[in-house]
Amino acid sequence: MTELTSRTIAELRDGFRSGEFSAHEIAGAYNDAVAAAKSLNAFTVETPDEALAAADVADQTRLGSELKPLSGIPLGIKDLFATEGVDTTAGSNILKGFRPPYESHVTANLRKAGAGMLGKLNMDEFAMGSSNETSAYGPVISPWRRKGSNVGLTPGGSSGGSAAAVSAGIAPGATGTDTGGSIRQPAAFAGICGIKPTYGRCSRWGIVAFASSLDQAGSMARTVRDCAILLEVMAGFDPRDSTSLDLPVPRWEENLSSDLSGKRVGIPKEYRIDGVPAEINALWDRGIEWLKDAGATPVEISLPHTKYALPTYYIIAPAEASSNLARYDGVRYGLREEGVKTLDDMYAATRKAGFGAEVKRRIMIGTYVLSAGFYDAYFTKAQKVRALIKQDFAKAFEQCDVILTPTAPSAAFGIGETTDPLAMYLNDVFAVPASLAGLPAMSVPGGLDAQGLPLGLHLIGNELDEQMVLNAGLAIEERAGFTARPEKWW
Amino acid sequence: MSVSPEQVRHIAKLARIGMSDAEIEALVPELNNILGWVEQLGEVDTDGIEPLTAVIEQKLRLRDDVVNDGNIRDAVLANAPEAQHGFFAVPKVIE
Amino acid sequence: MADASAPFRITGATGEWEVVVGLEVHAQITATKSKLFSGASTTFGAEPNTQVSLVDAAMPGMLPVPNRECIRQAVRTGMALDAKINPWSRFDRKNYFYADLPQGYQISQLYHPLVGEGEVEILLDEKDESSGKQIGIERIHVEQDAGKLMHDQHPTMSYVDLNRSGVALMEIVSRPDMRSPAEAGTYLRKLRSILRYVGSCDGNMEEGSMRADVNVSVRKPGSELGTRTETKNVNSVRFVMQVVEHEAKRQVELIEGGGSVAQETRLFDPDKGVTRPLRSKEDAHDYRYFPDPDLLPLELDEAFLEECRGSLPELPDAKRQRYEALGITPYNASVLTAEVETARWFDALLDAGADPKQGANWVVAELFGALNRRGESIEASPVSPPNAAELLGLVVDGTISGTIAKQVFEIMLERGEGAAEIVESRGLKQTSDTGAIDTEIDKVLAANADKVAEYQAGKLPLFGFFVGQVMKAMAGKAN
Ligand SMILES: [Mg+2]
Ligand SMILES: [Zn+2]
């Protein structure tokens, strides 16, 4: 029997159903793996008992043949999701000790589907970061290393704990959230799959907000099929979120097909940008070939406002964040700095102590771009450019069914290597446009670079067409033959 | 546009983030760098373009007027740094 | 009473000053059971923090979902104020920090309010229909109320109760069209009356379901607008008038003393009758409004608007005109329509068949007097509209005289019996048998032969004396 921790979710599910192994055995194996991987710093809280409890329920119900979609599957949950009675801190000191008396819609869906929880996954503070270095718990260390080096690498971010845990085999799958690439970039860095669905597919209720008009939950796992399995459970209408889409959730897994006959793959010329390593462009070309091989026709498309996506994002996301994070004021939950006399002093001291440097930086930018005299020049302008970016995609999807690009402009970098905030922001140059347009997008591993680090290919679909994204992802997965796993050093 | 230390101090005050002079000084070039970079949006012709309001077209749903929440004071106060007699307590405010 | 047509002026050392007043009225939508964006109850006076949902407490990841009925009531209110309803509106966040504001922002509507321009007519003299003045409404937007802070429970702490947090408010913003304390008071009373007719807000200023931010400036008549101050959360009509009076005088003295008015937020001290600057004023008012990304634009379709329009009751002005067309005096019509409860009662009286003119006079003179004396509201009147109509009918058909009617009414108030029953059981029926009256007259004339002589000698006023004597003899039963 293959080690349980190297199996896919589909294999675990099917093996559990057929009685090959019990849910308890699965949970036990993963709990052990989590406990043995502390040096990755992937978890902020471990909840082995929760994993076992869900497994025991699954084992009991299996005999009664009342199987649920995720019975027997333990998952890692990004610390941005409120989990009832379990610390939920968004990787921030300001939420230290916060135990929500409620469960996010997405994780409630997972639990209802039978899934267990291995623990809460480390992340960039309030999901603001691309390297997991902004976490109040310290950075997650990627299980991957450069050939012949033991320099600690970042797993990307902000869903870095999720990416590291899945690629290290300490969780078969994990939830992530993506505001401007926070699922896809870490998936690419960690050699796993990660999908962000259309904005509104997953309810934001109970997910600590970063930038409300962009935040979207998604799934991260080793395979395209696993991502589909998880996303199908996570998605679904929730009347408590005004932006939740009131649409049935498609049967993504059942409809998976890598036959792309008759499909057109858009290749945006504006994504060939300076400074991207040749290896990445070469992988992109290989990706085009793979999709051709699957029956698709490549077409060159133009997304003319691509270069403005990042600056647009870095106005809108901080602006929304500056307001979303105003509630962390030391009054109702989380950190409060004592020893100050006035309310305003308490606010200032609490937020000074509670927020890290990157979060402060973004709150400052967001406050500035919304402030009197600057609102139109920055925020309104950015919302107009965002409309143009959305238009670009709408036009492009008249000519193609899915868009293929690289996921990130580099492979994983070393912890502490990128200190300039702007250079860090550039990590999401390929990921952000789809976020601004609310489109489904996915990263699928395509291969390793010369240093032995994973590189990802990025698929962007039209509104609500996650199926096309998953199918193209599957076609790549089948052809890339990506089976590399990080060598265990932890 | 570029920001001065005074402006940064003002923004920090608006955002209620305590900052030392040294922190302010350090933030000035960082913010100017970022702001200078985002100002490239000025190049984009947005005449006649409506600012995006909803990324995925849909109508705002309205809920029925039903009382189906509340009466959960313990849950509401459970995480409070300081709660007294059913209230949240904060340093005294003078109006 | 001062001449309402004479402009209100403050006489300062340098001459006459005019006061300019605009009101921002926050009216709670009391018609709804639950809050604007959450399902928590809005009942007044609950235990602290019991009517609070996770949304109202701004727990991480909580999201607002708007209450249809709040929107509906605001639209109906806008329609009642003859205002433009915007079928496309949007919610914005107003960002500021305060302990009663859990989100760190208030969800409000700045850029695209639900209701646009409208107007309210006030009568400067309620006896004179031609004294009408239009007060412009700039906008009505829907927004969340904040929680409540209590400062006197602990020596170094303030306590926060979030029961009000998230309750729906309409902010009704007037144009600076008022020119005196009286106009401000009349406008506020009229607005309150309309809200109560519509049913969107109970207008209960003591419980805080209606309060006004009073914007006051002064200027030399005809010159440009002066700098205004905003006195926040004034919670009675009388206080609003006091604020205008006090602020106007204060500002005139300030300017004439060589100073200038600071554009600032002030508080009213009802005990001293003065305003003072808010001590905890935000040094920088920069609310950084932007569209709330948690909510989509609010789009209202024609069917929704039609239903709102169709559900509006007859409003005070229309009712007043209808009453006047029935022959009711302008003054009575104005009094009868000022409060929705009075109008409802009077309409029921008309429905029960009462004569409009007689009924109006009777309600204003007799019923109000009696209720006042007894300290009862019209809804609690011991005499119901059908009973009153019966009483008035007995006068009209000559069964009893007006004088007897007063006695019968007193008995009705005490006993709750019907008018006809009282008249019958106590033998109060008026005699219209002329024979009986003639006999009585003869008796009176005989008994007062001396007076008859005087009368015949030309002392006309004595006619009244005889009538009185006859009436007395007949115990008020003759007419
Ligand atoms: Mg105001
Ligand atoms: Zn307001």
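**Exercise 1.** At what angle do helix 2 (residues 181-198) of chain C and helix 3 (residues 237-256) of chain C pack, and how far apart are their axes?

*Solution.* The structure is a predicted model, in which local features need pLDDT of at least 70 and side-chain atom pairs count only at pLDDT 80 or more. Residues are numbered from 1 along each chain as its sequence is written, and ligands are numbered from 1 in the order in which they are written.

Step 1: the two helices of chain C pack at an angle of about 150°, with their axes 8 Å apart. Step 2: angles over 145 degrees count as roughly antiparallel, and helix 2 of chain C and helix 3 of chain C are therefore roughly antiparallel to each other. Step 3: the contact (heavy atoms within 4.5 Å) includes Leu188(C) and Arg189(C) from helix 2 of chain C, and Met241(C) and Val244(C) from helix 3 of chain C. Its residues divide into eight nonpolar, one polar and two charged.

**Exercise 2.** Identify the protein donors of the zinc ion (ligand 2), and state where they lie in the sequence.

*Solution.* Step 1: donors are N, O and S atoms within 2.8 Å of the metal (3.2 Å for Na, K and Ca), and here they come from His26(C) (NE2), Glu143(C) (OE) and Glu171(C) (OE), lying 1.9 to 2.1 Å from the zinc ion. Step 2: the spacing of these donor residues in sequence is H-x116-E-x27-E. Step 3: His26(C) lies in strand 2 (residues 15-28) of chain C and Glu171(C) in strand 10 (residues 168-174) of chain C, so the pair ties together parts that are 145 residues apart in sequence; strands are DSSP runs of E with at least two residues, and helices are runs of H or I with at least four.

Notes:
Side-chain values use heavy atoms; hydrogens and water are left out. Axes are lines fitted to C-alpha atoms, for helices over the stretch in contact, and angles run from 0 to 180 degrees between N-to-C directions. Angles under 35 degrees count as roughly parallel, over 145 as roughly antiparallel, 65 to 115 as roughly perpendicular and the rest as oblique. Ala, Val, Leu, Ile, Met, Phe, Trp, Tyr, Cys and Pro count as nonpolar, Asp, Glu, Lys and Arg as charged, and the others, Gly among them, as polar.
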